[in-house]
Amino acid sequence: MAIAETSRSSHELPLSTADSSRNASTAKKLTLVPLIFLIYFEVAGGPYGEEPAVQAAGPLLAILGFLIFPFIWSVPEALITAELSTAFPGSIMGSLKFLSGVINVASFPVLCVSYLDKLFPVLESGWPRNVCIFASTVILSFLNYTGLAIVGYVAVVLGLVSLSPFLVMSAMAIPKIKPHRWGSLGNKKRDWNLYFNTLFWNLNFWDNVSTLAGEVDNPQKTFPLALLIAVIFTCVAYLIPLFAVTGAVSVDQSNWETGFHAEAAEMIAGKWLKIWIEIGAVLSSIGLFEAQLSSSAYQLEGMAELGFLPKFFGVRSKWFNTPWVGILISALMSLGLSYMNFTDIISAANFLYTLGMFLEFASFIWLRRKLPELKRPYRVPLNFTGLVIMCVVPSGFLILIIVFATKIVYLVTGLMTLGAIGWYFLINYFREKKIFEFNEVNDDLDNVNGEHPKVDDHES
């Protein structure tokens with residue numbers, strides 16, 4: 001693909017891992033409910049981490065952000081994900097998305113500890129904090145190794161348990177709510193970098209779940225429905241606590257740091273609810289970690305199947321039929337990155353994700369223009385002009401993420417982007433010299449521009 005690929009010809013297009021020859025036929029498939037909660041944990045995992053939006057710009061802009069942003073970003077991204085499904089437009093894009101994913105995975109142990117240190121101050125810094133991050137990463141990575149079906153059902157339980165204290169807190173906050181507080185613009189200078197990165201980090205990564213589509217039961221029907229439900233579920237889960245706490249609690253804007261929801265729970269109901277939310281934060285972080293690590297690991301396997309990586313990147317466990325090489329590599333990289341500052345972690349993840357999304361939008365439009373008759377599991381119900389507009393609007397937001405990035409984020413992401421480009425040429429060298437074994441491109445890709453392309457019945 002000319003946009004996302006620099007050496008492979010344009011007929012070598014997306015390959016569905018659901019149709020690939022992976023030896024997963026005996027593995028349990030994801031059904032609708034576990035898939036909804038895995039998508040939910042890919043993106044959100046609860047209102048944990050939304051607090052800095054209030055700190056950065058005040059209650060009104062925080063509420064408006066979580067009301068409007070899903071329509072200009074989350075919904076278009078989810079629709080594009082549903083249509084492209086398990087597509088991997090190219091090696092460079094795959095590298096950028098993978099790197100943003102593993103950086104994002106690194107944020108969850110840090111987020112978890114940020115809530116725990118409100119109860120256990122010893123975890124605020126030093127070796128206790130580092131040991132806690134290390135131990136949680138190792139244990140949760142092993143859980144991921146045991147299988148995606150297990151992880152899916154664990155996500156259902158974690159999602160329900162982690163959200164329950166917020167429902168209780170929101171209900172108890174109702175008598176204390178003063179609606180005029182929702183209109184406050186705050187009492188400090190706005191931090192647009194923190195504001196936009198908080199919104200973006202809390203409401204992105206919808207396309208990451210496409211790497212799991214090959215593990216879904218009846219993906220053509222289940223996947224789009226799960227995405228729709230997950231979008232609605234995610235937005236409501238953010239907004240209800242945000243309305244409740246900003247309306248019921250009056251504190252200095254600077255107090256709205258990560259973990260403030262727990263402090264607000266104590267103000268509203270007492271320490272028992274604070275502890276409940278802290279426990280929910282730990283459970284939410286577990287779900288987020290598992291979903292994101294699964295996505296990164298299966299992405300490496302998918303790229304190996306496409307021939308973008310050596311075959312050994314797609315090796316599966318004999319015991320659990322999971323891509324253990326992908327899990328190991330993703331976990332090790334995330335562990336190394338988890339000792340960065342939390343804000344720098346999410347900003348770097350957002351920046352790399354932004355670069356990948358530019359390629360994804362371009363690839364989506366290119367596919368519709370070049371191959372309108374290509375069979376798609378789901379088709380976004382818009383004409384070509386509508387699709388362009390749908391991609392242009394969120395692209396403006398992506399530009400804001402780049403513009404407001406800090407110097408350290410430019411440095412980290414710049415080095416990683418150069419590394420991704422260098423890795424691309426290194427992989428080509430390995431392929432040419434036959435140093436490692438690579439998969440050949442699936443024959444179905446050649447048929448896309450050949451005599452017998454796969455065509456949808458209503459597109460022919």
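This is a predicted model: local features need pLDDT of at least 70, side-chain atom pairs count only at pLDDT 80 or more; totals for chains, interfaces and linings use all residues.
**Exercise 1. The setting of G259**

Solution. 
1. In the chain, G259 is placed in the loop between helix 7 (219–248) and helix 8.
2. E51 is 208 residues away from G259 along the chain, yet the C-alpha atoms of the two are separated by 7.3 Å.

**Exercise 2. Helix 8 and the residue after it**

Task: State which residues of helix 8 (residues 260–268) are buried, and describe the phi of G270.

Solution. 
1. The buried residues of helix 8 are F260, H261, A262, A264, A265 and I268.
2. After helix 8 comes G270, with a positive phi near 125°.

**Exercise 3. An arginine in a loop**

Task: Locate R316 in the chain and decide whether R316 is buried or exposed.

Solution. 
1. R316 belongs to the loop between helix 9 (271–306) and helix 10 (324–337).
2. With a relative accessible area of 9%, R316 is buried, because the value falls under the 20% cut-off.
3. Y145 lies 171 residues from R316 in sequence, while the C-alpha to C-alpha distance between them is 9.8 Å.

**Exercise 4. Helix 11 against helix 12**

Task: Describe how helix 11 (residues 342–370) and helix 12 (residues 384–403) are arranged, and at what angle their axes cross.

Solution. 
1. The two axes come within 10 Å of each other and cross at roughly 165°.
2. Angles over 145 degrees count as roughly antiparallel; helix 11 and helix 12 are therefore roughly antiparallel to each other.
3. The crossing of helix 11 past helix 12 is left-handed.
4. On helix 11, the residues making the contact include F351, F358, F361, F364, R368 and R369; on helix 12, they include F384, L387, M390, C391, L398 and I402.
5. Sorted by class, this contact of helix 11 with helix 12 has 17 nonpolar, three polar and two charged residues.

**Exercise 5. Helix 6 against helix 12**

Task: Describe the crossing of helix 6 (residues 192–202) with helix 12, and give the classes of the residues in their contact.

Solution. 
1. The axes of helix 6 and helix 12 come within 9 Å and cross at roughly 130°.
2. This angle makes helix 6 oblique to helix 12.
3. Helix 6 passes helix 12 in a left-handed crossing.
4. F196, N197 and F200 of helix 6 meet F397, L398, L400 and I401 of helix 12.
5. By class, the contact between helix 6 and helix 12 has six nonpolar residues, one polar residue and no charged residues.

**Exercise 6. The protein as a whole**

Task: Summarise the secondary structure of the protein, its burial and the sequence separation of its contacts.

Solution. 
1. The secondary structure comes to 14 helices and zero strands.
2. Of the 460 residues, 59% count as buried.
3. The protein exposes about 18,500 Å², of which carbon and sulfur atoms supply 66%.
4. Among contacts between residues at least 6 apart in sequence, 85% join residues at least 24 apart.

Conventions. Residues are numbered from 1 along each chain as its sequence is written. Side-chain values use heavy atoms; hydrogens and water are left out. Axes are lines fitted to C-alpha atoms, for helices over the stretch in contact, and angles run from 0 to 180 degrees between N-to-C directions. Helices (H or I, at least four residues) and strands (E, at least two) are DSSP runs, numbered from the N terminus. Angles under 35 degrees count as roughly parallel, over 145 as roughly antiparallel, 65 to 115 as roughly perpendicular and the rest as oblique. A crossing is left-handed if the near helix is turned anticlockwise from the far one by less than a right angle, and right-handed if clockwise. Contact means heavy atoms within 4.5 Å. Ala, Val, Leu, Ile, Met, Phe, Trp, Tyr, Cys and Pro count as nonpolar, Asp, Glu, Lys and Arg as charged, and the others, Gly among them, as polar. Buried means under 20% relative accessible area, exposed over 50%, partly exposed in between (1.4 Å probe, protein chains only). Accessible areas come from the Shrake-Rupley method with a 1.4 Å probe; for residues, only the protein chains shown count as cover.
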